[in-house]
There are 2 protein chains.
Amino acid sequence: MNALLTDLYQLTMAAGYFEAGKCRDIASFELFVRRLPANRNFLVAAGLEQAAGYLTGLRFSGGEIAYLRGLPQFARAGADFFDYLARFRFTGDADAVPEGTPVFAGEPLLRIRAPLIEAQIPETYLLATIGFQTLIATKAARIVAAAGGRAVVEFGTRRAHSPEAGVLAGRAAYIGGCAGTSNVLAGYRYGIPVFGTAAHSWVQAFSSEAEAFERLQKLLGPSTIYLIDTYDTLEGARKAARLGPPLWGVRLDSGNLVVLSREVRRILDQSGLSGAKIMATGDLNEHKILELCAAGAPIDSFGVGTDLATSADAPNLGAVYKLVELEEAGARRYTAKFSADKSTVPGAKQVFRYQARDEIALASEARGRDAEPLLRPVLRGGQLVEPLPDAHAARRRAQDSLARLPKAMHSLFEAKDPYPVEYSAALLQLLAALRHNGSGGGG
Amino acid sequence: MNALLTDLYQLTMAAGYFEAGKCRDIASFELFVRRLPANRNFLVAAGLEQAAGYLTGLRFSGGEIAYLRGLPQFARAGADFFDYLARFRFTGDADAVPEGTPVFAGEPLLRIRAPLIEAQIPETYLLATIGFQTLIATKAARIVAAAGGRAVVEFGTRRAHSPEAGVLAGRAAYIGGCAGTSNVLAGYRYGIPVFGTAAHSWVQAFSSEAEAFERLQKLLGPSTIYLIDTYDTLEGARKAARLGPPLWGVRLDSGNLVVLSREVRRILDQSGLSGAKIMATGDLNEHKILELCAAGAPIDSFGVGTDLATSADAPNLGAVYKLVELEEAGARRYTAKFSADKSTVPGAKQVFRYQARDEIALASEARGRDAEPLLRPVLRGGQLVEPLPDAHAARRRAQDSLARLPKAMHSLFEAKDPYPVEYSAALLQLLAALRHNGSGGGG
């Protein structure tokens with residue numbers, strides 16, 4: 001499935017490698033980010049579960065192969081190649097950083113070692129699925145940090161880049177620290193907590209706001225959240241207060257949220273509803289939430305949509321997938337690229353995490369117990385080594401490891417000093433040797 | 001299918017409407033954009049084919065219903081409601097602006113008239129699918145305009161917000177005027193022309209650049225595009241020139257594209273390859289392309305990835321879906337919202353397009369032959385009225401109608417005067433009456 005969900009050149013290169021007899025060359029590719037997006041001091045890795053599912057399920061259907069055969073770019077490819085595609089499976093190895101792990105520029109999130117064609121075809125899909133979920137998990141971590149312990153719920157499917165992006169945004173936002181999502185399919189597929197309130201159209205659909213509120217309470221009981229700004233926010237709060245328990249709380253979606261949340265809080269408290277919560281929504285992001293919290297607005301939770309589901313301030317990650325080693329007929333060749341702004345570092349790598357620094361080393365290097373190897377075996381011979389941690393485990397991992405990062409990393413702006421990441425001596429030596437030989441090649 | 005791909009509140013509201021006996025109320029919702037994104041003077045409507053496919057295929061599976069029953073928010077919903085979901089079909093009407101049509105702020109792209117619950121549940125999916133594709137088709141139109149007749153190919157799947165977003169971005173970019181996409185699945189599913197070259201890893205995988213080029217030419221023949229910047233761009237151009245025909249041309253992916261394209265052009269011409277084309281790629285967008293064209297760089301086509309597939313300068317559209325009419329037991333009620341920044345206009349609407357202006361009127365109004373009604377019947381009673389125009393027809397429509405827009409609308413910046421769009425007298429009268437009664441309600 002999904003074998004055509006790639007760039008055409010991956011498939012023409014596959015045909016070319018096949019014709020050139022390079023089917024048995026073994027390639028190692030690494031997926032990483034050269035520079036962190038603006039105002040980010042770390043990324044939260046996410047998307048591995050979908051990446052692994054893609055690799056293990058990668059197949060070309062008969063219809064897909066027939067389509068390829070009809071393209072002008074495949075007019076000179078032999079019948080053997082299409083037979084090869086019909087039998088195609090990903091039989092390689094994958095090592096990856098577990099979802100929920102903070103990573104930094106230059107650190108591989110995923111390493112693929114496989115026959116050249118099998119390693120090349122997945123590039124596009126792997127970048128899109130890991131790149132997008134990492135982007136959103138990272139954005140969520142910023143927003144959750146700004147909320148300072150108040151719950152944040154992801155509400156952005158309607159503004160996501162396609163409905164399916166909305167499902168994955170819900171998953172990634174949860175990994176990044178959100179309490180849950182409004183996306184029901186993310187709940188159904190991944191077991192993520194789902195939340196919701198009611199829309200303005202609910203209030204409009206009844207002849208009075210009071211009737212709309214009564215109906216909602218009857219249905220939702222202790223889960224009831226009244227949206228109180230349809231007509232007049234304070235009047236809406238009074239109506240909610242008059243209905244009394246059971247309720248979870250109220251939602252504010254417009255106006256001056258600092259002023260309104262204080263007045264609504266007073267109305268609820270005066271009616272003995274000090275347990276009722278206030279949720280705020282409406283084009284929020286980490287900066288607005290920080291301002292609300294700094295102003296002491298009595299808001300208990302935030303719903304964040306557009307800015308979270310599209311990572312609006314930095315809507316792409318610039319992840320790349322680069323060839324770092326090639327084994328041809330038993331001979332290993334390291335590859336790198338030395339151009340100023342697009343350089344790559346050769347060799348299959350491991351990232352070792354120490355107390356307060358990372359080391360990028362060759363995968364063949366070993367370290368002591370104080371060093372946690374971040375990349376772990378995921379696939380061997382195309383098979384899952386063990387079930388992957390689910391979104392819940394990934395979220396816990398993110399929570400734990402983000403708490404251990406230096407405080408300066410949690411700034412919403414670029415920290416004066418980046419997190420310390422250094423290359424191992426062996427890796428630097430390999431790089432120097434390759435640079436000396438001038439044999440690194442492109443990337 | 002995909003019935004859970006929505007916000008939870010759509011389904012809790014559905015349960016609430018069901019319990020309140022509002023199953024037979026008929027609602028009209030409209031999907032529109034309140035304000036155009038920054039620096040846009042128009043939008044190119046796209047995504048209708050996927051929206052219609054969603055509506056006609058909308059079903060709840062047994063597993064999905066069982067999941068909903070287990071959620072705390074449905075603990076008080078009756079068994080009748082879940083039986084209703086099991087039988088659920090979209091049985092309503094849809095009217096929409098054909099894909100490829102330029103639209104402006106306030107103009108409905110889609111109008112749904114259906115039993116309240118059936119109209120409410122699809123909100124999230126419709127917004128995400130039409131919003132995203134319209135966003136990308138619009139971005140593509142900007143880039144294509146900047147390229148001034150040179151071909152633009154969409155190359156952005158790897159940076160799209162999930163792999164599926166990449167497929168839809170390829171489709172939408174084609175509608176917006178791109179010559180095609182690198183996304184093979186977009187070609188397979190929608191018949192869109194697919195293009196590709198080769199990656200730097202292709203050059204690296206062979207022992208020399210010359211061998212890599214020979215292999216590529218052998219495979220691709222007249223479709224061959226050499227990527228010539230892996231080691232040294234001019235040396236790469238000379239190697240390509242030495243190989244001679246057949247080839248399509250060369251691709252530049254880095255460096256000073258103005259200088260390099262001139263020198264590469266000279267090398268090709270001196271080798272008698274004046275028919276060979278030059279393609280430029282590498283973090284391009286409409287502004288960089290405009291600069292290259294203004295500088296007279298001899299570039300024949302552009303490949304645009306990240307900025308196009310994520311509409312990076314304006315990564316969301318802010319589309320909304322608002323209740324405009326409600327028919328309860330035969331009585332029609334118009335709904336609107338009067339708040340300063342989130343106002344809506346009541347009543348089911350039609351957009352009439354005249355020579356150089358638009359009029360937003362009530363759907364019940366009629367106009368003469370000089371007025372083209374933009375919203376056309378798509379679904380009646382849940383069934384397609386006729387097959388929808390495909391992406392090719394949508395692209396032609398965009399091309400023709402964009403060419404008819406005033407030149408000022410094609411600026412990459414906000415035009416001094418927006419395109420003239422006015423409300424009909426009848427619509428203004430209805431709005432005034434509703435405002436007078438104060439009965440508009442929320443939105």
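User: Where in chain B does G305(B) lie?
Analyst: G305(B) is in the loop between β11 (301–304) and α14 (306–309) of chain B. Bear in mind that this is a predicted model.

User: OK. Is G305(B) buried or exposed?
Analyst: G305(B) is buried, because 24 other C-beta atoms lie within 10 Å and 20 or more is the cut-off for that label.

User: Which residues is G305(B) in contact with, leaving aside its neighbours within four places in sequence?
Analyst: Those would be F155(B), G156(B) and R159(B).

User: And how far is G305(B) from P122(B)?
Analyst: In sequence they are 183 residues apart, and in space their C-alpha atoms are 30 Å apart.

User: Let's switch to chain A. What's the place of E30(A)?
Analyst: E30(A) belongs to strand β1 (residues 26–33) of chain A. E30(A) is buried too, with 26 other C-beta atoms within 10 Å.

User: What does E30(A) touch, not counting residues up to four places away in sequence?
Analyst: E30(A) touches P108(A), R111(A), K322(A), V324(A) and K349(A). As for L257(A), its C-alpha is 45 Å from that of E30(A), and the two are 227 residues apart in sequence.

User: Now the domains. What does the domain assignment give for chain A?
Analyst: Two of them: domain 1 covers 8–135 + 314–437, and domain 2 covers 138–309. Their C-alpha centres lie 38 Å apart.

User: How many residues does the contact take from each of those domains?
Analyst: It takes 18 residues from domain 1 of chain A and 19 residues from domain 2 of chain A.

User: Which elements supply at least two residues of the domain 1 side?
Analyst: In chain A, β2 (43–44), α6 (123–146) and α15 (391–404) each do. The largest share of that side comes from α15(A), with 6 residues. By class, the domain 1 side that touches domain 2 of chain A has 10 nonpolar, 5 polar and 3 charged residues.

User: There's a helix at 163–175 in chain A. How many residues does it have, and how far does it reach?
Analyst: That's α7(A), with 13 residues, and it reaches 19 Å from its first C-alpha to its last.

User: Is α7(A) enclosed or open?
Analyst: Largely enclosed by the rest of the structure, because 13 of its 13 residues are buried. What follows α7(A) is G177(A), which has a positive phi, near 125°.

User: Last topic, the two chains together. What rotation superposes chain B on chain A?
Analyst: A rotation of 180°, with 0.0 Å of shift along its axis and an RMSD of 0.0 Å. That is the relation of a two-fold axis. In chain B, H161(B) has the C-alpha nearest the axis, 3.0 Å from it.

Note on methods: Residues numbered from 1 in each chain as written. Chains lettered and ligands numbered in written order. Predicted model: local features only at pLDDT ≥ 70, side-chain atom pairs only at ≥ 80, totals over all residues. Least-squares fit on C-alpha atoms with pLDDT ≥ 70 in both. Domains from an automatic or database assignment. Contact = placed C-beta atoms within 7 Å. Helix = DSSP H or I, 4+ residues; strand = E, 2+ residues; numbered from the N terminus. Nonpolar A, V, L, I, M, F, W, Y, C, P; charged D, E, K, R; others polar. Buried ≥ 20, exposed ≤ 12 C-beta atoms within 10 Å, placed from the backbone. Expected span 1.5 Å × (residues − 1).
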